[in-house]
Amino acid sequence: MEFEVNGARRTVDVDGDPAAVDVVRDRLGLTGTKLVCAGGVCGACTIQVDGEPRVSCLTPAARLAGRRVTTVEGLSGHPVARAFAAEDALQCGYCTPGFVVEAAAFVERWRALHGTARPGRDQIAEALAGHLCRCGAYEGIFRAVAAACAGDHDTAPTGSAPDGAGAAAVPRVEAPEKTDGSARYTTDLHPDGLLEGVIIRSPHAHAHVRSLEAGDLPLVPLLPPTAWSVTSGSRSPPSRGPTGPPHGRRPRASPWTTRCCPRPWTRAWPERAKARRSTRTRRPASGPPDQGRPPNWSPPAGGATCGARPP
C-alpha cells in the first residue's frame, strides 16, 4: 500500500485489516499519534486525511491508500503548534498532538472564511468537541486556537531561550516537543527484547476456568488458586479446595452487592427493620416525619429495592 505521509511517499506492507493508528505508529514510527481509548472518543490519535481530521483508531489502514496523510510531526512549525506552546495550552502533553492536528484544520478553514477575526469560545469548543484533556488545560487551548486564528503566531517569535539554544522562550521548556510529537512517553519506547503481554479475559461472567490455550506463547496465571472467574455483581462461586469438590459458598464482602429481594434490609438489618416498624406505629398522625426512615427514601416502583441500604 502506497500513500503520502507528511509530504513524502511511503510504501507499507499491510497484513490483515489493521487500524491506521497501528500503521502510523508501529510501521512508520510516527509516535506523535497517540492511541488512548481505541474507541474514537478522546481524539488523541487524530490525523488528517486529505486535510480532514480523522480518528486513526477507527480508520482502517486500507483507507489511506493513495491519500495524503498529515500527522502532528508534519505540523512542526505550524502557527497552531507555536500557539499551543506560547499560550501554555498543555500539561502532560499526551493528548496535545490530537488537539494540534484538529485545531490546525479548524484554523485553516476559519482563516479561509473569516480572515484574522477571532472565533468565539463556542465555535472553538464545537470544533474540538471530539477531544478530551484529562489534565484540564482547556483554557489555554481556547486561547491558543483563538490566537492562531487571529494570526498572532503566523511568524516565529524573536528571542532566545535562556540556555542559548536559539529557540523562543515558552512557559514550558518541553512544550515544543509536546506540540510537534517528538516527546517520548513509555508507550513510545521499544527497546531491544521488549515483550508485550496480553490479558486473556473469560468471556463468561461466572465460570470455573479449567485450562487456557495460547499456542506456544508463555502463560502467567493471574487467577486465584480456585480458578474462579467472577464479575462484579454476580453471586460468589462455591469455594473449592486444591483437589476437593466445592464445600459451600464464600462469604460476601457486603450484603448490598449481590442480594436481590423486595426488601433486603429486612434480612441484613433486622434490628433496623424492627425499629422502623415500631417508629411508624408510634408516630402521631400530625407529628413530625418518621425519624427511622431516610429523608429522601421511597421504595421504587414494583417494590424492588435491590442494593438499597438504610442509612
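1. Helix 2 crosses helix 3 in a right-handed sense. This is taken from a predicted model. Helix 2 covers residues 79-86, and its axis lies 9 Å from that of helix 3, at an angle of about 130 degrees. An angle over 145 degrees would count as roughly antiparallel, and one of 65 to 115 degrees as roughly perpendicular; the pair is therefore oblique. On the helix 2 side the contact is made by Val80, Ala81 and Phe84, and on the helix 3 side by Thr96, Phe99, Val100, Ala103, Ala104 and Val107. Sorted by class, the residues of this contact are eight nonpolar, one polar and no charged.

2. Helix 2 also packs on helix 5 (residues 138-149), with an angle of about 140 degrees and 8 Å between the axes. Helix 2 is thus oblique to helix 5 as well, and the crossing of helix 2 and helix 5 is right-handed. Helix 2 contributes Pro79, Val80, Ala83 and Phe84 to the contact, while helix 5 contributes Ile141, Ala144, Val145 and Ala148. Here the class count is eight nonpolar, no polar and no charged residues. Val80 and Phe84 are listed in the contact with helix 3 and again in the contact with helix 5. As background, an α-helix has 3.6 residues a turn, so residues three or four places apart point the same way.

3. Five strands form an open sheet in the order 2-1-5-3-4, and the pairing is mixed. Strand 2 (8-11) and strand 4 (52-55) are the edge strands; each has a single partner strand, so one side of each has no neighbour in the sheet. From one strand to the next, the twist averages 40 degrees.

4. Which residue in strand 4 is the bridge partner of Ile47? The partner is Arg54. Strand 3 (residues 46-49) and strand 4 run antiparallel and are joined by four bridges. Helix 3 (residues 96-114) packs on the sheet and touches both strand 3 and strand 4, with its direction at about 40 degrees to that of strand 3. The hairpin of strand 3 and strand 4 has two residues between the strands, and Asp50 takes a positive phi there, near 55 degrees.

5. Ser56 deserves a separate look. It is in the loop between strand 4 and strand 5 (68-70). Is Ser56 buried or exposed? Its relative accessible area is 0%, and the limit for a buried residue is under 20%, so Ser56 counts as buried. Beyond its neighbours within four places in sequence, Ser56 is in contact with Ala19, Ala20, Val21, Thr33, Cys45 and Ile47.

6. After helix 1 comes Gly29, with a positive phi near 75 degrees.

7. Pro176 is part of helix 6 (residues 175-179). Its relative accessible area is 34%; buried requires under 20% and exposed over 50%, so Pro176 is partly exposed. Apart from residues up to four places away in sequence, Pro176 touches Ala85 and Val170. Pro176 and Ser76 are 100 residues apart in sequence, with 8.6 Å between their C-alpha atoms.

8. Some totals for the protein chain follow. The secondary structure comes to nine helices and nine strands. The chain has 311 residues, of which 34% count as buried. Among contacts with a separation of 6 or more, 57% are between residues 24 or more positions apart.

Definitions and conventions
Residues numbered from 1 in each chain as written. Predicted model: local features only at pLDDT ≥ 70, side-chain atom pairs only at ≥ 80, totals over all residues. Heavy atoms only, no water. Pairing = 2+ DSSP bridges. Axes fitted to C-alpha atoms, helices over the stretch in contact; angles between N-to-C directions. Contact = heavy atoms within 4.5 Å. Buried < 20%, exposed > 50% of the residue type's maximum accessible area, 1.4 Å probe, protein only. Parallel < 35°, antiparallel > 145°, perpendicular 65-115°, else oblique. Left-handed = near helix turned anticlockwise from the far one by under 90°. Nonpolar A, V, L, I, M, F, W, Y, C, P; charged D, E, K, R; others polar.
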